[in-house]
Amino acid sequence: MSATLPDLTPALPEIFVACAAMALLMVGVFKKDNLLKVVTRLGVLSLAIAFVIMVAKMPGLDRVATTFGGMFIVDGFSVFMKSLVLIGSMAALLMSQQYLIDRKIDRFEFPVLIVLATLGMMMMISANDFMALYVGLELQSLSLYVLASFDRERQRSTEAGLKYFVLGALSSGMLLYGISLIYGFSGTTSFSVLSTGLANSENIGLVVGLVFVLAGLAFKVSAVPFHMWTPDVYEGAPTPVTALFAAAPKVAAMALLMRVVLGGFPTMAADWQQIIIFISIGSMLVGAFAALVQTNIKRLMAYSSIGHVGYALVGLAAGTVQGVEGVLVYMTIYMTMTIGTFACILSMRRDKALDLDINELAGLSRNQPAMAFALAVFMFSLAGIPLLAGFFGKYFIFMSAIDAGLYTLAIIGFVASVVGAFYYLRIVKIMYFDEPAAKFDDNEFGTMGFIMGLTAALNSPLSFLLIYPLLGLAGVAAASLF
Amino acid sequence: MYKAIVFMPLIGFLIAGLFGRQLGTKASQWITTGLLVASAVLSMVAFMDVAVGGNTTMVHVANWVSSGDLNFHWQLKIDALTAVMLVVVTLVSALVHIYSIGYMSHDDHNPRFFAYLSLFTFAMLMLVTANNFLQLFFGWEGVGLASYLLIGFWYKKPSANAAAIKAFLVNRVGDFGLSLGILAIFLVFGSVTFDVVFAAVPAIAGQTFMFLGMEADVLTTICLLLFVGAMGKSAQLGLHTWLPDAMEGPTPVSALIHAATMVTAGVFLVARTSPMFEFAPFALDVVTVVGATTAIFAASVALVQNDIKRVIAYSTCSQLGYMFFALGVSAYGAAMFHLFTHAFFKALLFLGAGSVIHAMSDEQDMRKMGGSRQMIPMTYIMMIIGTLALTGIFPFAGYFSKDTVIEAAYAAHTGVGEYAFIMAIVAALMTSFYSWRLIFMTFHGKARGGEETLKHMHESPPVMLLPLVVLAIGAVIAGFVFSDMFVGEGRFEFWGAALFVKGDDILESIHHVPTFVKFLPLIVSILGFIIAYKFYIKSTELPAKVAGAFKYLYQFLLNKWYWDELYDFLFVRPSFWLGKFLWKKGDGGVIDRFGPDGFAAFAMMMAKRARSVQTGFVYHYAFAMLIGVALLVTWFMFTRGGF
């Protein structure tokens with residue numbers, strides 16, 4: 001290797017976020033007063049600047065730039081996914097303040113950790129080599145473990161953090177084992193090199209390595225049967241952290257999964273498709289059925305997220321440009337729905353504490369009609385009722401599956417979404433038809449209402465106007481993977 | 001003018017139906033009634049024009065259907081047959097409207113009632129002015145709907161609802177026949193327009209088709225199907241069960257729909273399609289037999305009924321039977337003549353009965369009436385006139401029409417004709433008996449009603465008596481005034497091309513029947529009067545004795561030949577059983593169990609299972625992950641054939 005400095009331009013957004021995170025840490029450490037609000041705002045600002053840098057410095061819609069010896073890649077796909085991650089993280093940051101203040105855990109480390117996790121996610125998305133992948137993944141995971149147990153006085157929170165950490169370590173172990181097998185059988189860790197034909201189905205060692213790698217990644221997207229941490233961690237973690245979990249890391253891990261199988265192993269499509277189909281069916285069914293008996297809305301959203309990952313994987317299983325395009329659209333819509341829903345969940349406050357039993361939403365339509373309406377929009381959208389954004393997401397996914405001949409998968413998807421519709425609609429029923437429970441407190445931060453309103457508008461039938469531009473962007477991004 | 005006749009009731013219906021609440025009772029009554037009276041006046045002008053002037057026309061309303069081979073227009077066919085029906089329908093309807101102003105004065109839903117009456121009238125006019133089978137079917141269904149609505153007008157009464165449903169369902173059976181018939185006509189003739197079809201009939205006559213291995217005559221089949229429709233509407237034996245129950249509706253409704261107009265639609269249908277029936281002699285025989293049997297059946301049941309309206313209802317049924325066998329022996333003119341006179345005297349009887357009921361504080365049981373002739377003398381006189389007309393006493397209307405009908409049956413000189421003649425004579429005896437029994441039980445003898453009822457008994461207001469008087473005039477003079485036109489020398493000129501007779505003119509041969517045939521109906525009528533007088537005036541203990549002596553016969557008649565029980569056993573209970581079976585076992589046990597309920601239970605079971613797996617222990621979770629990986633690796637090892 002030559003000793004010349006690698007080209008830093010493609011990685012400029014990441015470098016900026018890394019510096020910003022450390023700067024924020026310094027600000028927090030050297031100022032004595034409680035600086036949560038300031039640091040949060042600065043955190044959002046730095047993520048926004050990173051976004052601007054990323055868009056300004058992107059090599060062009062259909063161009064690819066690599067650096068660090070080919071380990072780091074910037075293309076349409078990475079820009080698309082990073083945009084989602086940045087937006088998700090910013091939203092999570094903005095939604096967190098009220099909760100942290102209420103719980104008296106309003107410490108400045110929280111935004112710093114989120115910024116660091118975001119940095120990890122951005123690196124995951126741009127990873128073009130197993131080494132880079134692992135570094136990004138661990139940076140993200142370690143930040144998230146800490147975030148999960150951020151409410152350290154509360155047993156549930158620490159339990160969640162610990163569980164997430166132990167199981168995460170196990171999955172990392174699997175991932176590393178898989179990587180080592182792949183390296184051992186092919187002699188490389190670079191996706192670009194693997195895709196040139198080194199990876200082939202004749203080699204069972206590579207197949208086993210791929211299984212382990214995918215198991216590790218499936219854990220991150222919480223796909224069945226590597227999903228079991230999800231409900232417990234979602235429930236135990238502080239609610240803003242859950243909101244972050246449901247939005248940003250999921251998108252990043254999904255991007256990583258797509259990058260690995262499509263960027264590194266296009267020659268072994270027949271093999272990984274079987275795995276994806278398996279975990280996709282499992283996720284859709286578990287997501288649909290297990291949620292039926294949940295009464296805690298965070299647990300419910302955990303199962304909901306498992307189910308939605310299952311649907312998104314349908315598009316990946318198709319393995320076509322159309323399928324990937326569907327996944328990108330799906331993840332975009334899913335993120336808006338989730339952020340909106342969590343904005344509502346974070347507003348279920350009474351006396352500075354959250355009441356998260358779904359029956360507490362009873363009669364919300366009479367107490368807080370605007371919030372009830374927004375939540376109803378999210379629920380209908382999550383259920384995939386036509387005219388709402390969630391319907392388009394499912395529509396493109398299932399269409400791609402049918403075009404790829406995966407009829408069984410599509411049919412199971414239909415059935416699962418029908419079953420899933422039950423628990424989404426039950427929430428609407430509780431809000432609109434049950435006798436009102438006590439009123440929730442008003443939000444002290446206007447941002448919550450703003451996020452709710454904006455995401456509700458994006459999910460409403462207005463999405464008709466946005467779906468085709470989005471589809472166009474997703475199409476360009478998807479094409480860069482092939 | 002014809003458009004005005006037909007559409008004025010529709011306008012009345014729309015105004016009273018849509019804005020009745022805003023207009024209030026008075027306005028709704030006067031608007032609908034006024035339009036109907038105008039329509040009736042125009043109808044009479046039209047009758048004079050068509051009957052005397054001989055101007056048959058076709059009035060174009062709209063192009064209705066133009067689809068592939070199916071082309072026809074919405075036209076009003078105006079000939080003698082239509083003209084007769086126009087007068088009957090609009091006149092009786094107008095009088096019933098007027099009468100109802102008094103009769104329904106205590107009801108809260110007057111606008112609705114008058115709207116329904118006008119709707120019925122419009123539908124009936126659509127029926128009689130039809131230029132093609134589909135238009136006729138529209139009217140046919142329209143009157144069925146209006147009848148259903150009016151029978152169930154007092155919707156808070158369970159019995160009224162049951163009767164309305166029964167009427168609707170029984171009519172469905174008939175309507176099914178009619179619609180099959182119309183479909184068959186389109187299939188065979190390629191058109192549903194009357195003139196086109198009738199012109200093509202001679203060419204079709206004699207053609208056969210195979211059905212279930214049997215050879216059947218095309219035209220006979222079509223005619224029989226049409227007749228099934230007619231049987232349903234006109235309450236002929238087998239499909240008659242709805243008519244007595246329909247008396248649950250308000251009495252003016254009974255007079256209009258279930259006596260004068262709707263129930264005669266079947267007669268009209270057969271008369272209108274006479275060019276078809278004439279080429280299907282077997283169908284005509286069926287019509288004769290069914291008609292004659294209905295006549296005797298209904299008359300026998302009427303002998304023992306105690307509800308004043310039910311007696312008249314069975315009487316109607318019986319008289320319709322007369323009309324049908326007249327049709328069956330090709331005496332279409334006689335049938336239409338009887339229809340015409342019957343409309344007057346039967347509406348008179350019904351409205352008279354309504355007046356009695358009104359006076360008796362809604363009492364309908366004749367056993368609780370009696371001795372009321374001094375208190376309601378006008379009603380009494382009117383009922384007497386109606387009865388004289390019904391029993392066919394000279395010179396009342398019934399004498400002319402009924403005798404013609406009976407003589408026609410004799411003059412046919414066929415087996416079924418003989419049968420019809422005998423049945424008609426016996427039925428005439430019974431008719432006379434039950435009619436006078438009704439008069440004697442209601443107006444004569446001791447007052448059997450309660451003190452309260454007697455105290456409140458009063459003659460009906462003029463608004464109710466006026467229609468009675470008009471109808472009574474009709475019941476008196478309609479016979480000899482129109483006899484010549486309908487069945488006498490003027491008949492050819494009058495009917496023109498409206499009626500078609502293929503063989504010998506039966507109305508000509510009635511002039512050559514033996515004298516005893518001419519007098520027999522009159523004799524049995526007088527005999528019936530004498531028996532009734534003996535039973536109910538002279539020796540009032542006789543009816544009970546006779547009933548005791550012929551206990552089983554009495555029960556048989558009282559229970560209306562057990563038709564309802566038979567249908568209950570044959571159709572109602574099996575359908576209930578089948579329905580229950582399909583509901584409990586089929587729907588609940590199979591579809592629900594394995595469909596929605598089964599899937600829901602399965603989903604909940606899956607959910608619980610998924611929850612029980614979610615133990616909260618980290619090592620369980622880790623185990624699941626390892627199992628997952630192991631499964632996948634194993635899967636690939638096996639599908640690959642191993643290392």
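**Cavities**

On a 1 Å grid over the protein atoms alone, a cavity is a set of points where a 1.4 Å probe fits but cannot get out, and lining residues have an atom within 4 Å of a point. Grid points are joined across faces, edges and corners, and a volume is the space filled by probe spheres set on the points. This is a predicted model in which local features need pLDDT of at least 70, side-chain atom pairs count only at pLDDT 80 or more, and totals for chains, interfaces and linings use all residues. Residues are numbered from 1 along each chain as its sequence is written.

The structure holds six cavities of 30 Å³ or more, and the largest cavity contains about 80 Å³ of space.

**Lining of the largest cavity**

Residues lining the largest cavity include Gln140(A), Tyr164(A), Lys220(A), Trp229(A) and Lys250(A). Helices H5 (130-148), H9 (229-236) and H10 (239-264) of chain A each supply at least two lining residues; helices are DSSP runs (H or I, at least four residues) numbered from the N terminus. H10(A) gives the largest share, four residues.

By class, seven lining residues are nonpolar, one is polar and two are charged. Ala, Val, Leu, Ile, Met, Phe, Trp, Tyr, Cys and Pro count as nonpolar, Asp, Glu, Lys and Arg as charged, and the others as polar.

**Ser126(A)**

Ser126(A) belongs to helix H4 (residues 109-126) of chain A. Ser126(A) has a relative accessible area of 0% and is therefore buried (under 20% relative accessible area, 1.4 Å probe, protein chains only). Beyond its neighbours within four places in sequence, Ser126(A) has contacts (heavy atoms within 4.5 Å) with residues including Glu14(A), Phe72(A) and Lys82(A).

How values were computed:
Chains lettered and ligands numbered in written order. Heavy atoms only, no water. Buried < 20%, exposed > 50% of the residue type's maximum accessible area, 1.4 Å probe, protein only. 1 Å grid on protein atoms, 1.4 Å probe; cavity = no way out; pocket = protein on both sides within 12 Å on 5 of 7 lines; lining within 4 Å.
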